[in-house]
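Please open the structure in your viewer and keep the selection tool at hand. The tour moves from one selection to the next and says what is found at each stop.

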Amino acid sequence: MNDKHKLVPELVPKPLWGVSAYRALGKSTPWKAIRQDTLDEASNRCQFCDSEGPQLACHDKWEYDDKKCVATLIGFEVRCPLCHLATHIGRAMRIGHLREAVEHICKVNGCTVKEVEKIIDAEMPLWKKRSKEKWTVVVVPVLLKRYPKLQAVPLMVVSAAGAEA
């Protein structure tokens, strides 16, 4: 993570693409509670650029233990569509919105395109390494206590090919 900048791309290891609380819970009542609690805690504003809805996303926040290959869901954050696009910059590139995502990172951080490119280039070797690993997905206990239905998310072992083991 880059401590100098507020909004940075999160390069999710390829085997973990699509692994999320929302995907595990769908549009269920438990997911709606998580999303609403997160929106309420953020005063219905993007936690990165401070913009208001209506299309605010509830984004999973992950930590990675590279030695144990454990991805841990540690919380949720509110992001506007542009901050969410910038966070998932690899996806933005695949769908033809890379320039828009980079420009938004520059705007939020007050930085240059070159600085954003350096951030991405610095993260790529770690992303490539992580993308070759098998991952165990867990949820921090405090979230499980608050939202028991998140038990649908953890202990999923994901192979480098993206299939559950």
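Begin by selecting D66, which is partly exposed, with a relative accessible area of 28% (buried means under 20% relative accessible area, exposed over 50%, and partly exposed in between, with a 1.4 Å probe and protein chains only). This is a predicted model, in which local features need pLDDT of at least 70 and side-chain atom pairs count only at pLDDT 80 or more, while totals for chains, interfaces and linings use all residues. Residues are numbered from 1 along each chain as its sequence is written, and side-chain values use heavy atoms, with hydrogens and water left out.

The side chains of D66 and R130 meet in a salt bridge, 2.6 Å from N to O (a side-chain nitrogen of Lys or Arg within 4 Å of a carboxyl oxygen of Asp or Glu). Because D66 lies in the loop between β1 and β2 and R130 in helix α6, the pair ties together parts that are 64 residues apart in sequence (helices, H or I of at least four residues, and strands, E of at least two, are DSSP runs numbered from the N terminus).

Next select E10 and R79, which are both buried and form a salt bridge whose closest N and O atoms are 3.1 Å apart. E10 lies in the segment before α1 and R79 in strand β2 (residues 70-79), so this pair ties together parts that are 69 residues apart in sequence.

From there, turn to L7, which, leaving aside its neighbours within four places in sequence, is in contact (heavy atoms within 4.5 Å) with residues including F48, R79, C83 and H104. L7, C83, I89 and V116 touch the most other members among the 23 residues of the largest nonpolar core (a set of buried Ala, Val, Leu, Ile, Met, Phe, Trp, Tyr and Cys residues joined through side-chain atoms within 4.5 Å). Helix α5 gives the most to this core, with five residues.

Which residues lie nearest the centre of the largest pocket? Select E10, V12, H59, T87 and H88, which hold that place in a lining of 50 residues. A pocket here is an open set of points on a 1 Å grid over the protein atoms alone, where a 1.4 Å probe fits, with protein on both sides within 12 Å along at least five of seven lines, and lining residues have an atom within 4 Å of a point. The largest share of this lining, 10 residues, comes from α6.
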